[in-house]
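Subject: Structure handover and what turned up in it

Hello,

Here is the structure I promised to pass on. My notes follow below it.

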Amino acid sequence: NNLPREKQIEIIAALCEGVGQRAVSRLTGTDRKTVARLALAVGTGCAELHDRMMVGLRVHRIECDELWAYVGHKRNPQAGPKRHPSPVRGDQYTYVALASSTRAIIGYRTGQRTADTTDDFIQDLRQRVIGAPEISTDGLHYYKRSVREVFGGKSAHGVINKTYSVTHLNVTEASRRYSPAAVVAVERVAELGEPEQISTSYVE
């Protein structure tokens, strides 16, 4: 990249704050394609660095959650399911595994909220940690089978289910939207073993 280092830092800082590529292009006086190429290069480098460093970790407790975003367009609930939905457009989720003691992101995976994505995420997590960490997740049912099959009976797995207050929304939609309503009830279930603590407070 031929941009001065200061300009590159300015662009990446803006992108990290959630500013869109078009807005960053206007604010920094840089071509939008240049912004996109820089974001791709830095993102690829960060992914490779994380992949090399976050291995062989001994962690006592891990919290997992999913961050919602969309690519191209949001899901339209009134349009109904598509016959051939795109795997890379529409609603996307970034699964995150966080070490509760250090707040370090051990692993992540971006994709649709499906059994396959969940399996890939848990498989990657297993390859990065040593021993039998205690795992806390939300109520996404794909976790139960994945954690049991990948970690076996060695790790403890706890699930935390939250009930939200709703206004003109059903519970299912309120629990999945980007900015959830207030939590009115919390249920903790030990799915595997005897977890000492079931919480996803840090990763959320």
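Helix α2 spans residues 21-28, and its buried residues are Ala-23, Val-24, Ser-25 and Thr-28. Bear in mind throughout that this is a predicted model. The cover over the buried residues of α2 includes α1 (5-16) and α3 (32-53).

Thr-28 belongs to this helix, α2. Its relative accessibility is 8%, so Thr-28 counts as buried. A polar atom of the Thr-28 side chain lies 2.6 Å from the backbone oxygen of Val-24. Setting aside neighbours within four places in sequence, Thr-28 is in contact with Lys-7, Glu-10 and Ile-11. Gly-29 follows α2 and has a positive phi, near 65°.

Now the nonpolar cores. The largest has 20 residues. Which of them touch the most other members? They are Ile-62, Cys-64, Ile-106, Phe-121, Leu-125, Tyr-143 and Phe-151. At least two residues of this core come from each of β2 (61-71), β3, α4 and α5 (142-151). β3 supplies the largest share, 4 residues.

Ile-62 is worth a look in the viewer. Leaving aside neighbours within four places in sequence, Ile-62 is in contact with Ala-97, Leu-98, Ile-106, Leu-125, Val-129, Pro-133, Glu-134, Ile-135 and Ser-136. Another core lies apart from the largest one. This other core has 6 residues, among them Ile-11, Ile-12, Val-35 and Leu-38. Ile-11 is also one of the contacts of Thr-28.

Next, α5. Its buried residues are Tyr-143, Ser-146, Val-147 and Phe-151. They cover an arc of only 95° around the axis, so they sit on the same side of α5. Tyr-143 and Phe-151 are also among the core residues that touch the most other members. After α5 comes Gly-152, with a positive phi near 65°.

On to the aromatic rings. A pair of rings is described by the distance of the centres and the angle of the planes. There are 3 aromatic pairs in the model. Trp-68 and Tyr-70 make one of them: the ring centres are 5.9 Å apart and the planes meet at 40°, so this pair is tilted. Are these two residues buried or partly exposed? Trp-68 is partly exposed, with a relative accessible area of 23%. Tyr-70 is partly exposed too, at 42% relative accessibility.

Tyr-95 and Phe-121 also pair. Their ring centres are 5.3 Å apart and their planes lie at 45°, so this pair is tilted. The pair links distant parts of the chain. Tyr-95 is in strand β3 (residues 90-99), Phe-121 is in helix α4 (residues 115-128), and 26 residues separate them. Tyr-95 has 0% relative accessibility, so Tyr-95 counts as buried. Phe-121 is buried as well, at 0% relative accessibility. Ring pairs join Tyr-95, Phe-121 and Tyr-143 into a cluster. Phe-121 and Tyr-143 are also among the residues that touch the most other members of the largest core.

Two arginines lie over ring faces. Arg-103 lies over the face of Tyr-202, at 3.6 Å from the ring centre. Arg-113 lies over the face of Tyr-93, at 5.2 Å from the ring centre.

At 42% relative accessibility, Arg-103 counts as partly exposed.

Last, Gly-111. This glycine lies in strand β4. At 8% relative accessibility, Gly-111 counts as buried. Tyr-93 is the ring whose face lies under Arg-113.

Best wishes

How values were computed
Residues numbered from 1 in each chain as written. Predicted model: local features only at pLDDT ≥ 70, side-chain atom pairs only at ≥ 80, totals over all residues. Heavy atoms only, no water. Phe/Tyr/Trp six-rings, centres within 6.5 Å; stacked < 30°, edge-to-face > 60°. Buried < 20%, exposed > 50% of the residue type's maximum accessible area, 1.4 Å probe, protein only. Lys NZ or Arg CZ within 6 Å of the ring centre and 35° of its normal. Contact = heavy atoms within 4.5 Å. Polar contact = N/O pair within 3.5 Å; in protein donor to acceptor, adjacent residues only side chain to side chain. Core = buried A, V, L, I, M, F, W, Y, C linked by side-chain atoms within 4.5 Å. Arc of directions from axis to C-beta.
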